[in-house]
Amino acid sequence: MNTGASTFTQGVDMAFIVILSISVLFLVGITTAMIWFVIKYNRKRNPKPKDVKDNTRLEVIWTVIPTLLVLVMFYFGWIGYTPMRNVPNGALEVKATGRMWSWQFDYQNGKQSNILVVPLGKPVKLELYSPDVLHSLYIPAFRIKEDVVPGLSNYMWFQAEREGEFDILCAEYCGVQHSYMLSKVKVVPEEDFLEWFNTKEVVADTLESLGLQILKKNGCVACHSQDGSKIVGPTFKGLFGSQRKVTDSQGNEKTITADESYIERSIYDPNSEIVEGYSKNLMVSYKEQITPDEIKEIVNYLKSLNEKK
Ligand SMILES: [Cu+2]
């Protein structure tokens, strides 16, 4: 019987309980023996120290028993871990991108989402990708965690056994907004999943402009505020058309106007001009993620922010 949220829950919990029980046993045993020795062999009772000879039988026992216990721990760790590296055939493949500081999930039919929607009881394989720094995709309820390393292809898989929403966290410190790098995995019955999977766009967000949707989808809003506050990068508020003091890649300072071409440069080549008061190398190029047409929508959105006032 499997009552965990994923097929791995039981195996991992078993290894955890075995290792914890052995550790508790030793903690209690060693502490008790220590207290007992302190009382029994204190100086008042034994004014003259006795010379203790070695004891082969005792030495063999305290070598063999811990070796067996370590092998028991290894065994339970091994049977809990090996299924995690063997992906069954026919798993649903999803590309999981971890970047500073958001998660993005790309399905093979072009569907894109910031939460991971998966069918209940079906294997799902995540191809892990990072365009910037080390992250780690962690789903505590499923008992899985895997590093997302730039330049290295890595994967993880799971099969959800319970409907509902479960937390996704980043478990590798990746910068100032690391703790906000949160998402959810939403487990739904297969019919509901297929319905979601085959729907082109979410209609619920029609109140938001397309530009803002693109900015949210790509995680831009994690670093750029819309209300004038300074996070990691400059705010979007009042950005378009403003005069910006920047330092170019040669280290020259200059003042430029934030027009269409500036917005495009900022997205495709973010380190070519750094706005005064901000740091270099915190943003990577979004050339692969954001198309020129999408940039036009972003510009429209930025213009609309100026009109609001
Ligand atoms: Cu991270």
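Hi everyone. Domain bounds here come from an automatic or database domain assignment. For our protein, that assignment gives domain 1 (9-85), domain 2 (92-197) and domain 3 (205-308). What we have is a predicted model, where local features need pLDDT of at least 70, side-chain atom pairs count only at pLDDT 80 or more, and totals for chains, interfaces and linings use all residues. Residues are numbered from 1 along each chain as its sequence is written.

Let me start with the overall picture. The C-alpha atoms fill a box of roughly 90 × 55 × 35 Å, taken along the principal axes. The radius of gyration is 28 Å, while a compact globule of 309 residues would have one near 19 Å. That radius is taken over C-alpha atoms, and the globule rule is 2.2 Å times the number of residues to the power 0.38.

How much of the protein is buried? Buried residues make up 21% of the 309 residues. A residue is buried if 20 or more other C-beta atoms, placed from the backbone, lie within 10 Å of its own.

Now for the contacts: two residues are in contact if their C-beta atoms, placed from the backbone, lie within 7 Å. Among contacts between residues at least 6 apart in sequence, 66% join residues at least 24 apart.

Back to the domains for a moment. The centres of domain 2 and domain 3, taken over C-alpha atoms, are separated by 26 Å. Their contact takes 11 residues from domain 2 and 6 residues from domain 3.

On to secondary structure, which comes to 6 helices and 13 strands. These are DSSP runs numbered from the N terminus: helices are H or I with at least four residues, and strands are E with at least two. Two strands pair if DSSP finds at least two bridges between them.

Strand 1 (residues 92-99) pairs with strand 2 (residues 102-107) in the antiparallel sense, over 6 bridges. A hairpin through 2 residues joins these two strands. If you want to find the pairing on screen, look for G98, which stands opposite W103 in strand 2, and for T97, whose bridge partner is Q104.

Strand 2 also runs antiparallel to strand 3 (residues 112-113), and 2 bridges join them. Here F105 stands opposite S113. The hairpin of strand 2 and strand 3 has 4 residues between the strands, and G110 in that hairpin takes a positive phi near 95°.

There is another open sheet, with 3 strands in the order 12-11-13 and antiparallel pairing.

Last stop, helix 4 (residues 210-217). Which of its residues are buried? They are G211, L212 and L215. Seen down the helix axis, these buried residues fall within an arc of 95°, so they line one face of helix 4. The arc is that of the directions from the helix axis to the C-beta atoms. After helix 4 comes G219, with a positive phi near 75°.

Conventions
A residue is buried if 20 or more other C-beta atoms lie within 10 Å of its own, exposed if 12 or fewer, and partly exposed in between; C-beta atoms are placed from the backbone.
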